[in-house]
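Here are some notes for a colleague who is opening this structure for the first time. Please read the numbered points with the sequence and the model side by side.

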Amino acid sequence: MITVLTLLPLIGAIIVAYVRRERAARALGLTVSLVVLAIALSMLARFNAGSPQLQFVERHVWAPSIGAEYFVGLDGLSLLLVILTCLVIPFAMLAAWKFERPSNAYVALMLGLESGLIGTFTALNFVHWFLFWELSLVPAYFLIKLWGGPARSQAANQFFIYTLVGSVTLLLSFLVLYWVTRTFDLIQLADLGRSGELVARLRPQPWWPTLPAETLAALVFAGALFGFAVKVPLFPFHTWLPATYSEAPSAVSMVLTGVLSKMGVYGFLRILMPIFPEQMRAALTPLLWLSVATIVFSAFAAFAQRDLKRMLGYSSINHLGYCMLGIFAAAKYTGTDPSWTLQKAAALNGVLLQVFNHGITASALFCFVGVLEHRSAGLKYIDSFGGLRQAAPVFCGLMGIATFASLGLPGLNGFVGEFLIFKGAFPLAPWAAALALLGLFATAVFLISMMQRVFHGPVTERWAAFPDLRRSEWMIVAPAIGLMFALGIWPNLLLRLTNTTVANFAAQLAN
Amino acid sequence: MLDWTIYISFAGMLLMVFIPKRNLSVVRGLALLITLAGLAIALNAFLHFDPAAGVVPIRKVAWIPTLGANFFIAVDGISITLVLLTGIAAVAGVLFSWNIEHRAKEYFAFYLALIGGVYGVFLSFDVFLLFVFYELPIIPQYFLIAIWGSTRKEYGAMKLAIYSFVGSAMVLIGLIAAYVIAGGKTFDLFQLAQFPFSERFQYWAFPLVFVGFGILAGLWPFHTWAPTGHVAAPTAASMLLAGVVMKLGAYGALRVAMTLFPLGLQAWRHEIAVLATIGVVYGGLVALVQRDFKFVIGYSSVSHMGFVLLGLMTLTTIGLSGAVLQMFSHGVLAGLLFGVVGRMVYDRTHTRDLSQLEAMNLGQALPFAALIFVLAGLASMGMPGFSGFVAEFQVLIGAWRMYPTLAVICGAGIIIAVAYTLRAIHRSFFSNEPPAANVHALPPITIPERVGSIMLIACSLIVGLYPRLLLDIINPSWDSTLMSRLLIR
């Protein structure tokens, strides 16, 4: 089932690349992504949320001599991200169709990207997982490189090379683990990591430079951490992001911020935290402060941006910073007191909600910026606009809802996730959480001032005739807006899915 | 049966002589037929190969009895992999030389002689025979470059020939010394390998023979023939040069130098591993600043062969298998990259200067070439899913155990590979310049080019997605009595 889900977009991509007419290619691409969504939803319906076991598991021998295995499965975390991927891709595809007139290759690369993302979120063997992790990079690179803004080449190269440096350190770390454990199975590695066996096996060996096992383990952890920290990104490894988001075509930015940025968070939850709990705890203080720095600095940096897409890029860093804060707070050592486990579960639940909600909200925001770009022939500077509210009330209303969802207004989806993160993080890491609140305020300030400058103010001559969203256009964003309300009012929709998985994580962290 | 790959190649060369000169299509057809037959034989043997059987003797005929030299052809998992590679590269090379019209008959005659020699090296288990076959390709290679080449072709051809002969001379001195010390009765690899050479002898004989072979494998700092030779050669010759001739060197180093002198290997392995790593990084850095498209690929070959040599020095099953896999992978991919640059781009645009190509924005004029180059480039930079990844991955696992520092440096080498590949992709096919008006007049990509490139990329993809296909055959070879003495347990 997961195999079908992963390969269908890839096959679709190959067919789309050979379709003659662009319109047919777009329609086919959209159909494929909707079919994938339908399959994912049917899996959601059959998913037993109460069971902590992996579900839909498929396991085949691949290349035993190098520990590679075809091993996929879903738990609440994976399923959540698969659903998010399957929602954002058709959304982006529709937006691209409407506002960017994509060619065959564009649609095909988008489908390839979807395949890479679904593979990443379902693979449970490192080799298998790494294949898809890297695979997703290639379509993203070409989407930016071929259809991006004026500085697209540098942005695409910076994006690719920066991420790849992270991938290489990650790879090197896992090769060490393979030498000492002879397995790439992420579940087995996590068991070894939790029991402390992993460090024991890293003990000095005759052929190894004389480093104590703990130092070696810390180095291996650092290599893996770097790989994920770049992807999230965690301050100070974020410098590739604003340029990339700003140069990428808006529909691609939707996927970048909606799903690609979640790959890093997923890596933290699936790989780093289970396999290296001790090393993570040892580095927790600096990591917590890095996450606070990410939240606060990016909020202030966003405030200073003139370019709307760069601003949303920094806002994305800011929102993922909350996820990092929640994860690091939950990783804190607290002993076996059960009340702490509850706080950890709250924080992690918040992280998962935030991942999903930010995916929906941020991609919607980029979609709106795409509309602005489309209507103004490529303008994306805040100062270029003003007084749009009178010319385009529907557009401004909908974008306003998405903006408020992004800044965490209660009743909309963003609030619940951030609330849960802070609820869990406050008792666990009071100072860090308190400082991070500063970021929360700054976010509100820059988003509202953005709205004020774009929507309000004097109506300039130029924008008096700004065409409002037509029905076919607002229909594209309607599902996203609907989800923002639905999840804000009834977050249990998601919590039901994640609770068991999170309880499982929290219980493991308590030991 | 497998020895027929050698015979038919040489028979094909002779047949070429009797074909009337004007009959171009017969000349090409014959070359394609012979190489296809070679590939078919290799593939058949590959599919029926029993990995558990160790070294399988095929033919042993007394040749020069007074010297103890036999015509001894045998095969094991390592040989069969490389024979298969030769078959694939040979067919692809013919497909990519379909446009040769100038003295086509001689061209394909030399081409087949070269192929025959290469098959011979991979299948010989008699050191003397191996050496003869090893010398053979130098002559056709020289003429292929000197007559049909471009850009300082005489210089490139002569440099390659001289480097090869110097290397061969070093190998020859070492081998004769070993032959004499072992009693002067036999050149049989198995019997020579049994002889307990003294440590003092091995200490100087090993580097002599290893470096002698290593020259052809692009061992830094003896690699300088490689870029100039590759650039000067006509497309098919550079495909073979990077695809299989460089592998001759690595194969000889493994099969002869390492198995005959295990003690010497132990004494020198650190130094050679360091040289290999320098090759990885240096080749990549130099590729990063080249202005000639073919030089980028030429230096990238040096870098990738560094992984092969590092893999050989790990002396663990996983690293050695990685090295053999990298030989296969690089053979396929370097062939493909040279095919794109030499045939698809250079033969059409008559320039390889990256800044001139940048102005042409070829991605729109030659979309197929762009697609293939992107795929081959991704594969050679080590993107998972292609053969290059599995190979370098295994080499790095092996290197982690023996040389952790070098493994990290080679990790940096991968990043450099990404940088120069992206740079080449950007400047050659996807620059931001508007396409020049005249590029649409470029002749379209022909069917043989399409077939050849799809065949090569498919090989890389199949091996990358299902590496067991080769690994199940390569891995058991290290257990044979001949090879198992290399391993450090």
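1. In chain A, the hairpin of strand 1 and strand 2 has 4 residues between the strands, and within this hairpin A:Gly67 takes a positive phi near 70 degrees. The two strands, residues 55-63 and residues 68-74 of chain A, run antiparallel and are joined by 6 bridges, where strands pair if DSSP finds at least two bridges between them. A:Ala63 stands opposite A:Ala68 of strand 2 of chain A. Strands here are DSSP runs of E with at least two residues, and helices are runs of H or I with at least four residues, both numbered from the N terminus.

2. A word on the basis of these notes: the model is predicted, local features need pLDDT of at least 70, side-chain atom pairs count only at pLDDT 80 or more, and totals for chains, interfaces and linings use all residues. Residues are numbered from 1 along each chain as its sequence is written, while chains are lettered from A and ligands numbered from 1 in the order in which they are written.

3. Where the chains meet, 28 residues of chain B are in contact with 25 residues of chain A, contact being counted if the C-beta atoms, placed from the backbone, lie within 7 Å. Helix 18 (387-402), helix 19 (404-428) and helix 21 (468-474) of chain B each supply at least two residues of the side that touches chain A, and helix 19 of chain B gives the most, with 10 residues. The residues on this side of chain B divide into 20 nonpolar, 6 polar and 2 charged; Ala, Val, Leu, Ile, Met, Phe, Trp, Tyr, Cys and Pro count as nonpolar, Asp, Glu, Lys and Arg as charged, and the others, Gly among them, as polar.

4. Helix 18 of chain B also meets helix 20 (residues 447-465) of chain B, their axes coming within 6 Å and crossing at roughly 50 degrees; axes are lines fitted to C-alpha atoms, for helices over the stretch in contact, with angles from 0 to 180 degrees between N-to-C directions. That angle makes helix 18 of chain B oblique to helix 20 of chain B, since angles under 35 degrees count as roughly parallel, over 145 as roughly antiparallel, 65 to 115 as roughly perpendicular and the rest as oblique. B:Ser387, B:Phe389 and B:Val390 of helix 18 make the contact with B:Ser460, B:Val463 and B:Gly464 of helix 20, a set with 3 nonpolar, 3 polar and no charged residues.

Technical notes:
Contact = placed C-beta atoms within 7 Å.
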